[in-house]
Amino acid sequence: AAKYTFDTETVYTFDFYQSLLNVKTYSLELGVANIGMARVLNGQPTQCLCKTTDGRYLWSFQIWHESLLPPGDSVEGGDKKRQ
């Protein structure tokens with residue numbers, strides 16, 4: 001951690017949309033409309049990441065939802081062929 005510094009002369013910008021993104025329904029809740037993210041993102045997961053100015057990732061992860069998966073047997077229902 002000693003190689004990382006915090007510079008008070010640099011502007012750090014953070015955008016957090018956790019108040020708008022409903023991960024349970026995978027939609028943006030804008031107040032006047034709810035927008036389904038699966039269709040808007042063409043089936044891609046939402047990505048959360050942080051990068052340094054030289055392009056290194058500090059973290060990167062994806063938010064997946066069941067609406068992104070192809071139609072088929074649900075995990076909760078189990079595989080009916082095995083019964």
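This report describes the fold, strands, core and cysteines of a predicted model.

## Overall layout

The chain holds 1 helix and 5 strands. Read from the N terminus, the elements follow the order β-β-β-α-β-β. Of the 83 residues in the chain, 13% are buried.

Among contacts in the chain with a separation of 6 or more, 23% join residues 24 or more positions apart.

## The three-stranded sheet

Strands β1, β2 and β3 form an open sheet, arranged in the order β1-β2-β3 and paired in the antiparallel sense. The edges are taken by β1 (21-22) and β3 (34-36); each has a single partner strand, so one side of each is left without a neighbour in the sheet. Strands of a sheet pair through backbone hydrogen bonds, either parallel or antiparallel.

Strand β2 covers residues 27-29, and its antiparallel pairing with β3 runs over 3 bridges. Within this pairing, Leu28 has Ile35 in β3 as its bridge partner.

Strand β4 spans residues 46-51, and strand β5 spans residues 57-63. The two pair in the antiparallel sense over 6 bridges. They form a hairpin with 5 residues between them. In the turn, Gly55 has a positive phi of about 95°.

Two positions show how the strands line up. Lys51 stands opposite Tyr57 in β5, and Leu49 has Ser60 in β5 as its bridge partner.

Is Thr46 buried or exposed? Thr46, in strand β4, has a relative accessible area of 16%. The cut-off for buried is under 20%, so Thr46 counts as buried. Leaving out residues up to four places away in sequence, Thr46 touches Leu21, Tyr26, Leu41, Phe61, Gln62 and Ile63.

Leu58 lies in strand β5. Its relative accessible area is 46%, and Leu58 is therefore classed as partly exposed. With residues up to four places away in sequence not counted, Leu58 touches Cys50, Lys51 and Thr52.

## The nonpolar core

Which residues make up the largest nonpolar core? The members are Tyr26, Met37, Ala38, Ile63 and Leu68, 5 residues in all. In soluble globular proteins, nonpolar side chains tend to be buried together.

Met37, one of the core residues, is in contact with Leu21, Tyr26, Ser27 and Leu28, when neighbours within four places in sequence are left aside.

## Cysteines

How many disulfides does a search of the whole structure find? The search finds 0. A disulfide is a covalent bond between the sulfur atoms of two cysteines.

Cys48 and Cys50 fall into two accessibility classes. Cys48 has a relative accessibility of 24% and counts as partly exposed. Cys50 has a relative accessibility of 17% and counts as buried. The cut-off for buried is under 20%, which is why the value for Cys50 places that residue in the buried class. Cys50 is also one of the residues that Leu58 touches.

Notes:
Residues are numbered from 1 along each chain as its sequence is written. This is a predicted model: local features need pLDDT of at least 70, side-chain atom pairs count only at pLDDT 80 or more; totals for chains, interfaces and linings use all residues. Side-chain values use heavy atoms; hydrogens and water are left out. A nonpolar core is a set of buried Ala, Val, Leu, Ile, Met, Phe, Trp, Tyr and Cys residues joined through side-chain atoms within 4.5 Å. Buried means under 20% relative accessible area, exposed over 50%, partly exposed in between (1.4 Å probe, protein chains only). Contact means heavy atoms within 4.5 Å. Helices (H or I, at least four residues) and strands (E, at least two) are DSSP runs, numbered from the N terminus. A disulfide is a pair of cysteine sulfur atoms within 2.5 Å. Two strands pair if DSSP finds at least two bridges between them.
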